[in-house]
Amino acid sequence: GGAGMTAQKPARPPLLRVERFPGNVEGCRVIEFWPDERRTQVHVIDVPPPPSSSLEWIVDQIDDREAAGRLAHAKPTPRVINSPTVAGAYGAPLKLFLDLTHRCQIACSFCLSDSGRRRTDEMSPDDAISILQEAAHMGVMYAKLGGGEPTLFPSLPDVLDAGNAAGLALSMSTNSLWADESLVDAMARNRVLVSVSLAGTRVTNDRFMRRKGHFDAALAKTAELRSSGVQVRFRLTLMPLNLAEVPELVELAAAAGVPIKFSYCRPAGRATRGDHLISPHHRHQYAAVLEYLNRSDLPAIVELDEGMQAKHPRSLALIQGLDNACGAGRRSMHIDPSGIARACVFLGDDYRVGVWQAGSLAQMWAGTDAPGMTLARSIPTPAPCASCERLCKNECPASRLHFYGSVAIGQDPNCFRMALVKE
């Protein structure tokens, strides 16, 4: 910990991964992930990689000469992934969501994991470390630690140390209601991106969080983390009752000099009970918020989920290399505190792929023993998306499942284009 701003750490080089295409298709993907910016770019190369892909070979093959120049300057060490190729997905997840515990000090009304008390079958710190090391060995680049409240997980500094040592970029979310200097130190030395949860301005936030004083505690914790050299941002979950407060929250974040990431509430856990989800009835209000958040004159601290961006970054088209931009089973997977792996936690148990055991992660990703991954990879692109010029081609299948009872019908009410259609 310690008061006062620490010295600026030198920029980290990107993680660089090379993998073959599935089947008999000639060529490979080169995936670069810049951990300080949390930015991914994927390059398609139409020749197979040599047994040991040198940085020089990669730089020569990449068509995007600007990107090639950045890589040549950064000098990352390429990693060739030799795991079996997977149809409809990357050879290994780009990102692993790992929920460490169900335990939490508060019971937010919109909690996506229905957290509260610790459960008896939760993973141990050794399990968590093994999962992260196994993921890194597979080629995973980025792990997001959640819960419950991850800071309540035993030996969390050791878990962070191990994940960073394995070569993973780490992030975590927190309710900010903790006071452990060793955690602050571990977050700083392992360059963990910490997202401090907010649910609105003071009164609205404390109501959703069911804890009077939470808003002020979150601001204080954010200032403490920032002054201790931790990369920190606010994370706001958009719900019908906080949409009108977005401009005030942007001003607050700008005044604090802290980034603020917006995402809409997903249909899971306690969020499915009560007025937490943006439904078709909220379309006009949600459209106004999307238009505001995409204004060119907003401060640079505003960050948005991909599907909320008016102009998708060019890299999104290449991140996919697949049917659509839904990451479930294509570029990400989820493991809950009991070790249960799913293509996406929001899609439910039909998309479950097994319980983690040492050495099982690659097999679960391949989807050979349970249909969950294959089911996720075969979710159809909705007809309105197929004819849309936007790159996502499929907003959130879990929202369609919740509102319409099927991943294959209806349209996610959070779809950017649908929200902005003028009647």
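**View 1. Strands β5 and β12 pair side by side in the parallel sense.** In this predicted model, strand β5 (residues 95-99) joins β12 in the parallel sense over 4 bridges. Look for phenylalanine 97, which stands opposite histidine 334 in β12.

**View 2. The side chains of strand β12 point two ways.** Here we stay with β12, which covers residues 332-335. Ser332 and His334 point one way, while Met333 and Ile335 point the other way. Are these residues buried or exposed? All of them are buried.

**View 3. β12 and β13 form a hairpin.** Strand β13 (residues 340-342) pairs with β12 in the antiparallel sense over 2 bridges. Between the two strands lie 4 residues, and glycine 339 in the turn has a positive phi of about 85°.

**View 4. Helices α4 and α5 come within 9 Å of each other, axis to axis.** The axes of α4 (residues 156-165) and α5 (residues 181-189) cross at roughly 5°. That angle is under 35 degrees, so the two helices count as roughly parallel to each other. On the α4 side, Leu156, Pro157, Leu160, Asp161 and Asn164 take part in the contact; from α5 come Ser182, Leu183, Ala186, Met187 and Arg189. These contact residues divide into 6 nonpolar, 2 polar and 2 charged.

**View 5. Threonine 368 lies in a loop between two helices.** The helices on either side are α11 (361-366) and α12 (372-377). Threonine 368 counts as exposed because its relative accessibility is 58%, and the cut-off for exposed is over 50%. Alanine 383 is 15 residues away from threonine 368 in sequence and 29 Å away in space, C-alpha to C-alpha.

Key. Residues are numbered from 1 along each chain as its sequence is written. This is a predicted model: local features need pLDDT of at least 70, side-chain atom pairs count only at pLDDT 80 or more; totals for chains, interfaces and linings use all residues. Side-chain values use heavy atoms; hydrogens and water are left out. Buried means under 20% relative accessible area, exposed over 50%, partly exposed in between (1.4 Å probe, protein chains only). Two strands pair if DSSP finds at least two bridges between them. Axes are lines fitted to C-alpha atoms, for helices over the stretch in contact, and angles run from 0 to 180 degrees between N-to-C directions. Angles under 35 degrees count as roughly parallel, over 145 as roughly antiparallel, 65 to 115 as roughly perpendicular and the rest as oblique. Contact means heavy atoms within 4.5 Å. Ala, Val, Leu, Ile, Met, Phe, Trp, Tyr, Cys and Pro count as nonpolar, Asp, Glu, Lys and Arg as charged, and the others, Gly among them, as polar.
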